[in-house]
Amino acid sequence: MGLFDRFKKKTEGQKESGGKTDALRVSIFDTDYHIDRNDWEQVYSACVGPMVVIQKAFAEQVVKDMDWFYDFGEGTIRFGADVYPMQFIGSEAERSNTWMWGWHNINGFDDNLLKLANEINQTGREWDFDVFTTECFSLDEELNGHNLSMVACALSKENYCYYRCPHDHGAVFAAVCGVPDQVFAPVGAQDFIMRVLECIRQLPVNHRILIESLLMWNGTPYEWKENVISAHFGTDVHIEFEEAGDRLRVSGITTKSSNGVEFYDY
């Protein structure tokens, strides 16, 4: 099951609420979120929230600062004594400061290593999105190995994490599969808030798309009231937005716990 193949249902008064029972599996890109599939920022914003959660769990539960080793011949990557199947997403070249998608396959890798790369290329052709169909392009703050790997993993029909494997001339980016299911588990209110704040403070994202995408992936019911999202974890989290040009920007997050109201200032 892919990252966006989450169970969801609509209830009266809710806009795209999340749930796990009596619901349909849908993709955020097939809902009424009005995501422009030709706009890198919007596509990235829809993918980054779940992947930040997953990558944190992956680092804590799988990588654990252990030594790593990848074997393209075997199609595996090892962390310590644990071995996992991998896919070749693409690579960064330090001298030319460029990214090259794995589907270009200048190394002649076995097709089994390129399923994810070919999948993202097919998605690019279907969306007419040149970020996914251009074999090689210059790196910058937005289009780099980390961000491209996040989006590739998030859009896949499979559950993937990714890992950056540096070498003398740049870095290889590998998608890792077969990790424990717990890596992809939903998060509670506090972790949700921390990941949201991390993203909106550090990354060039559309706040509304980021938050609704993460809530949907997390299976968390929520509703809009004017410019406020109320998300229903064990305790309610209220995310207030303000208008910033032609979009909405987070202006504050509050949650009510047994200790009273907590405010998280953006």
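The largest nonpolar core has 82 residues, among which F58, I89, W101, F132, F192 and I211 touch the most other members. Helix α1 (residues 40–63) supplies the largest share of this core, 13 residues. A nonpolar core is a set of buried Ala, Val, Leu, Ile, Met, Phe, Trp, Tyr and Cys residues joined through side-chain atoms within 4.5 Å. Helices are DSSP runs (H or I, at least four residues), numbered from the N terminus.

This is a predicted model, in which local features need pLDDT of at least 70, side-chain atom pairs count only at pLDDT 80 or more, and totals for chains, interfaces and linings use all residues. Residues are numbered from 1 along each chain as its sequence is written, and side-chain values use heavy atoms, with hydrogens and water left out.

Leaving aside residues up to four places away in sequence, F132 touches partners including W40, V43, W101, W103 and L155; contact means heavy atoms within 4.5 Å.

Helix α1 also packs against helix α5 (residues 189–202), at an angle of about 115° and with the axes 10 Å apart. The contact involves V52, V53 and K56 of α1 and R195, E198 and C199 of α5. Axes are lines fitted to C-alpha atoms over the stretch in contact, with angles from 0 to 180 degrees between N-to-C directions.

| Residue | Relative accessible area |
|---|---|
| C161 | 0% |
| C199 | 2% |

The structure contains zero disulfides (pairs of cysteine sulfur atoms within 2.5 Å). For C161, the closest cysteine sulfur, in C153, is 7.4 Å away, too far for a bond.

Methods. Buried means under 20% relative accessible area, exposed over 50%, partly exposed in between (1.4 Å probe, protein chains only). Helices (H or I, at least four residues) and strands (E, at least two) are DSSP runs, numbered from the N terminus.
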